[in-house]
Amino acid sequence: MIPAPTRYARATDVAHALELLGEPDAKAIAGGQSLVPVMKLRIARPSLVVDISRLELREIAVRDDELHIGPLATWADLAGVSHPGLEAIAECARGIGDLQVRNLGTIGGSVVHADPASDMPAVLLALGARLDVRSPTGSRAIPVEEALVGPFTTSLGPQELVTDIVVPLPAPGSASAYESVEHPASGFALVGAAALATSDAETVALTGVGATPFVLAAGDVRDAIAGAEIFGDRFASEEYRRALAVVVAERALARARERRGS
Amino acid sequence: MSDTVRFVVNGEPRSLEVEGRTLLVHALRDGLGLTGAHIGCDTSQCGACTVLLDGRAVKSCAVLAHQADEREITTIEGLALDGELHPLQRSFVENHGLQCGFCTPGIILTAADLLSRGGSPSDDEIRHALRGNLCRCTGYQGIVESIRAVEAAS
């Protein structure tokens, strides 16, 4: 299948990218592993494709008690992240898509694509991450949960670009984990769960079960899932997903607890 | 609107006029006549169009030709050196790694990426690496054995 006609421009830096994105119906492309398939289906018909893939936004580094992930870091890059407490990041990245997708697909692209079943947003939510975003008029920081507002919908403006994904380092002695049960054909999560266990709290975030990935209410996982808004579709009914969510969330939590030795 | 893209394909500099929307797989097949990158699906799921972009396996149907500008591409046509089959190609012949052969170029290039990372992948790791490549003939066992045999020989 062939995408609808479009023009292509390669951004030389963030300011240039933002300027190019000023065109109505322009769309940024990084790895293209979500965008190109929907362009082929002509669900997306951008007038201009702004290639940001060569900007210097790929670094992954710890600074000031935070892990800074460049939005152009690929799943293959993230599979190598190794930091106590942040185990869920690499664990999640290794299972995303397939080898080819992991070579090109980026974390920034995935987060702003906002697929309700994408894996990494659940991890970012459980870890309390934020997005640093730039526009032609300035920059702002958005907690990931405020960025994700609906299926394939974020609170970012058309001329805003994610420039950093910032994950606070969990307190020493913390551990995290990611677990999912995937639809066998598409590979997308029927239910995915990220868990963070610290010495005084546990946080679980789910994906694949609602309009956006979300953080479960504190307290007992079963109670929280019983009270959560969970959707069903032709692949898995609401009842099935709710039951599966308990299993997957408990597995993620158990692994996080085991890692921290509690 | 078309522009020129330049890339190194199988060791040779090539340039080509492409549209903004042109997919890499179409540039390779229709523009350069490299039909070893197969089109097996329309949804970027089958992996038959896999090529190496700067040494890493990518689905060339999920990459715009412009995105490959100034990069190095290896297709199945470029894997044999001086008439000698690549060890993976030979192993697929010897270990019944293919039947109809349609998925084979993509699978061999994915395996080339996997083996280039070093280490010694287990059968589970080989199968995990092949998740983005569909084969409807072999049941995968012969494919896994072909890749394992290369790994063992090297």
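How many residues of chain A are in contact with chain B, and how many of chain B with chain A? Please go on from there to the sheet of chain B.

Analyst: This is a predicted model. Start where the chains meet. Here 22 residues of chain A are in contact with 24 residues of chain B. The largest share comes from α5(A), with five residues. By class, this side of chain A has 12 nonpolar, six polar and four charged residues.

Now cross to chain B. Its domain assignment gives domain 1 (2-78) and domain 2 (87-153). Taken over C-alpha atoms, the centres of these two domains of chain B are 21 Å apart. Their contact takes 17 residues from domain 1 and 13 residues from domain 2. On the domain 1 side, β3 (50-53) and β4 of chain B are the elements that give two or more residues. That side divides into eight nonpolar, seven polar and two charged residues.

Next, the sheet itself. Five strands of chain B form an open sheet in the order β2-β1-β5-β3-β4, with mixed pairing. The edges are β2 (12-19) and β4 of chain B; each has a single partner strand, so one side of each is left without a neighbour in the sheet. From one strand to the next, the twist averages 45 degrees. Strands of a sheet pair through backbone hydrogen bonds, parallel or antiparallel. The strands β3(B) and β4(B) run antiparallel and are joined by four bridges. B:L52 has B:A57 in β4(B) as its bridge partner. A helix packs on this sheet: α3 (residues 104-116) of chain B touches β3 and β4 of chain B. The direction of α3 makes about 35 degrees with that of β3(B).

Follow the chain on from β4(B). The loop between β4 (56-59) and β5 (72-74) of chain B holds B:E70. Most residues other than glycine have a negative phi. B:E70 has a positive phi, near 65 degrees, and is not a glycine. B:E70 is exposed, with 10 other C-beta atoms within 10 Å.

B:Y140 lies in the loop between α4 (123-129) and α5 (141-153) of chain B. Around B:Y140 there are 16 other C-beta atoms within 10 Å, so this residue is partly exposed.

Key: Residues numbered from 1 in each chain as written. Chains lettered and ligands numbered in written order. Predicted model: local features only at pLDDT ≥ 70, side-chain atom pairs only at ≥ 80, totals over all residues. Contact = placed C-beta atoms within 7 Å. Nonpolar A, V, L, I, M, F, W, Y, C, P; charged D, E, K, R; others polar. Buried ≥ 20, exposed ≤ 12 C-beta atoms within 10 Å, placed from the backbone. Domains from an automatic or database assignment. Pairing = 2+ DSSP bridges. Axes fitted to C-alpha atoms, helices over the stretch in contact; angles between N-to-C directions.
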